[in-house]
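Have the viewer open as you read.

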Amino acid sequence: MDQKADPEMKGWLSKWTNYIKGYQRRWFVLSNGFLSYYRNQAEMAHTCRGNISLHGAMIHTEDSCTFVISNGGTQTFHLRAANEVERQRWVTALELAKSNAIRAMESDEEDEIVLDDQSQSQEAELQNILKNLSARLEDLQTCNDLIVKHGSALQRSLSELETIDTATDVPSKIKAVNERATLFRITSATVINACQDYLLLAQSQGRKWQKMLQHERDQRQRLEEVVEQLARQHSHLEQAAKDHQTPRTSMPQVSPSDEDEDNEFYDAQSDQSHSENQQNFIIKIPMGHRRTSSAASLGSQGADNGPRDSQDEASGSSSDVENSETKVLVISSGTNAEAGTSQSKKEVGESSSKKDSSKAGTSSSSPSGTVSPPAVIRKRRTRVPDKPNYPLNLWSIMKNCIGKDLSKIPLPVNFCEPLSMLQRVTESYEYSDILTKAASCSDPCEQMAYVAAFTISIYASTSNRTGKPFNPLLGETFECDRMADLGWRAISEQVSHHPPMAAQYCEGRGWRVFQEVTVTSKFRGKYFQIIPLGTSHLEFDSSGNHYTWRNVTTTVHNIIVGKLWVDQHGDTDIINHKDGIKCHLKYIPYSYFTRDCQRKVKGCVMDKDENVKWIVTGTWDDKVEIAPVTSVEGDSNNPVYRTGPYIVAWQRRQPLPESEKYYNFTELASQLNEEEDGVAPTDSRLRPDQRLMESQRWDEANTEKVRLEEKQRAVRRKREAEAEAASAAGQSYPPYEPIWFKKEKEPWTGQICHIYNGNYWVCKEKQQWDVCPDIFGTP
């Protein structure tokens, strides 16, 4: 560790543990980009109670003595110093350590750039050598022409000497022969020297070329072996899938004790419409030490008397569960299939009529509760230009990216789609009419079921969308005002660069959503995974219910060989913090060996006493159906839940014709990047590389993308230099502050998160954009 850049700091701080013990005194050590703590100094030699990485951490001061360190929502330390001076010393040291940790990680990227430069220099050296060899060959050709010329002249002189008639001409002829012989000898010597030079140069480089050629052959052989192995595995899996795709003729008897522990959800019947057949299945809900969103209310609520304070760092993830035990639910539908059919049709009809009425926009109320005047609905485009077919050497890029965070891979636009991450997040509200329906529900458990359907619907467009969205620049924004036709409007802003984090606020008719979007991602060669870390919040105006959840893991398969495809998998909990109602959802991962349909999601809604009230089932790429629990049979250890008729809570709209030609965009996705007047100068629509890509000018887009990324790095390095200078002078340096969001404590969960400050739409109305930075202009 560079002691000047990251000085080690030790000392006592008070750390919040739980409500019973409150703040507890701990010995903290700052070293190598990590803040670790112990119960006392003696434990430093053997027992670390916990640590947090400062790379990507957010440091927030609460009062004169208290400050909070949060690492992307996965870990949170609430700390208190003895006085304000001591708190400032720690905050300054932590900010400096964070800056150094970021710089250390980025040095790896610079090393890769150096390697690329070395490769380019080797290529330039090879070109120079080839150029020299070509020049030598041209010299040899010239010498060859000269020696042929002089040889011919010498031959003619000798012939003339043989045919001489008088003795008086002999001296002049002999002199001419000698001159021609001298020129021939000089030319011959030049040819010999040129041949020797060419031979030496070729021999000196021949060994190097032979080694390089052998290296390339070895790499090609290894790649061919990998591809061949993948092809064999793919063939075996396809054959196994065909062998298992036999129709089920009878429904097997399934008991909870017979369930496979590796398959928590198991269909007892082939997947058909709920309105046509009875539904019988089993749900296994993990009931261990669940880390819910409420667990992050104080960042650390674990007991402090264990061998390790690991519970102090409760992640707050609604999908992180310690599977110590599970609760098995046996679900059986009611027999009134006709009622279910009529109710499903009625539900879809109501949803369609509500959507049509919301599109009219003549009498609906605005989010603030006031009646808005009739709005002129803008005519928008329904598609974007076709995706051009640009050739690309995939392996030359991917082989240097294995094991890295996806957000740090400098991919060309060939792998992207012409949307930013801010626009992709806004696309989640394509089926916002589900939330409008949920807002009108008087039963909180039924409302929860519709909220669950909405959280599933956000994945609908990912089933055939494999393009990577553009990483937003720090300070980049995106607004989407669709209040006139769709009944909602949203504003998003990139609030952090390390870690990459976006904040978003969306308001609709009777509801509002705010969330922090931050992910961690890894490329593993054959696939890459995107693991969300941010928390989403949903509030309803009429009931005051406040919901939180986290999204599940997304995996993109067949990166190297085969057709790209996307899968969603994992567990998540949706929690109503007002009355304790929660919904557990299980996204079943894709499997070649299941007889069930793929991309299935199943779950249940439970009240605060964990009584099952509603059932949620469906697929994340097609539709979701919900049903109330009408009765419970069996004993308390093995209950069987009977449901009423199923209701279609969400049905996916079919893709547009020929959408595969333009990135598989939906109609809403095609409209997100449509040019619009009056937006902020930092809006994603104005990003030049993204606009060039949409316009099919990919080469220019790649050049512009590199320029924008380098401009952002230059701004960051400037801020880091200013922070170091301020730290050396003993002064505090203000961290980057977003424009439209501010960090506050969310009252329901207690988390420090970015809350919308309410200024964007006011500034847009006045067209006051002087607070916006220049992030797209020339450096």
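Helix α10 covers residues 698–728, which gives it 31 residues, and its first and last C-alphas lie 45 Å apart, close to the 45 Å expected at 1.5 Å a residue. Bear in mind that this is a predicted model. Which residues of α10 are buried? Going along the helix, they are Trp698, Ala701, Glu704, Lys705, Leu708, Glu709, Lys711, Gln712, Arg716, Glu720 and Ala726. A handy reminder when you look at that list: an α-helix has 3.6 residues a turn, so residues three or four places apart point the same way. Just after α10 comes Gly730, with a positive phi of about 75°.

Now for α7, with 14 residues and a reach of 20 Å from first C-alpha to last, close to the expected 20 Å at 1.5 Å a residue. This helix is mostly covered, with 12 of its 14 residues buried.

The structure holds 18 aromatic pairs. Two of them are set side by side here:

| Pair | Centre to centre | Angle between planes | Kind |
|---|---|---|---|
| Tyr429 and Phe454 | 6.2 Å | 25° | stacked |
| Trp740 and Trp769 | 6.2 Å | 85° | edge-to-face |

Tyr429 and Phe454 are both buried.

Trp740 lies in the loop between α10 and β29 (741–745), and Trp769 in the segment after α11 (760–766), so parts 29 residues apart in sequence are tied together. Trp740 and Trp769 are both buried.

Rings also meet charges. The charged end of Lys15 sits over the ring of Phe77, 5.1 Å from its centre. Likewise, Arg80 lies over the face of Tyr23, at 4.2 Å from the ring centre.

You'll find Gln767 in the segment after α11, where it is partly exposed at a relative accessible area of 42%.

How many disulfides does the structure hold? The count is 0. As for individual cysteines, Cys48 is partly exposed, with a relative accessible area of 22%, whereas Cys416 is buried at 4%.

Finally, zoom out. The protein has 11 helices and 30 strands, and 46% of its 779 residues count as buried. Take the contacts between residues at least 6 apart in sequence: 61% of them join residues at least 24 apart. The accessible surface comes to about 38,400 Å², and carbon and sulfur atoms account for 51% of that.

Note on methods:
Residues are numbered from 1 along each chain as its sequence is written. This is a predicted model: local features need pLDDT of at least 70, side-chain atom pairs count only at pLDDT 80 or more; totals for chains, interfaces and linings use all residues. Side-chain values use heavy atoms; hydrogens and water are left out. Helices (H or I, at least four residues) and strands (E, at least two) are DSSP runs, numbered from the N terminus. The expected span of a helix is 1.5 Å times one less than its number of residues. Buried means under 20% relative accessible area, exposed over 50%, partly exposed in between (1.4 Å probe, protein chains only). A disulfide is a pair of cysteine sulfur atoms within 2.5 Å. Rings of Phe, Tyr and Trp (its six-membered ring) pair if their centres lie within 6.5 Å; planes under 30 degrees apart count as stacked, over 60 as edge-to-face and the rest as tilted. A charge sits over a ring if NZ of Lys or CZ of Arg is within 6 Å of the ring centre and within 35 degrees of the ring normal. Contact means heavy atoms within 4.5 Å. Accessible areas come from the Shrake-Rupley method with a 1.4 Å probe; for residues, only the protein chains shown count as cover.
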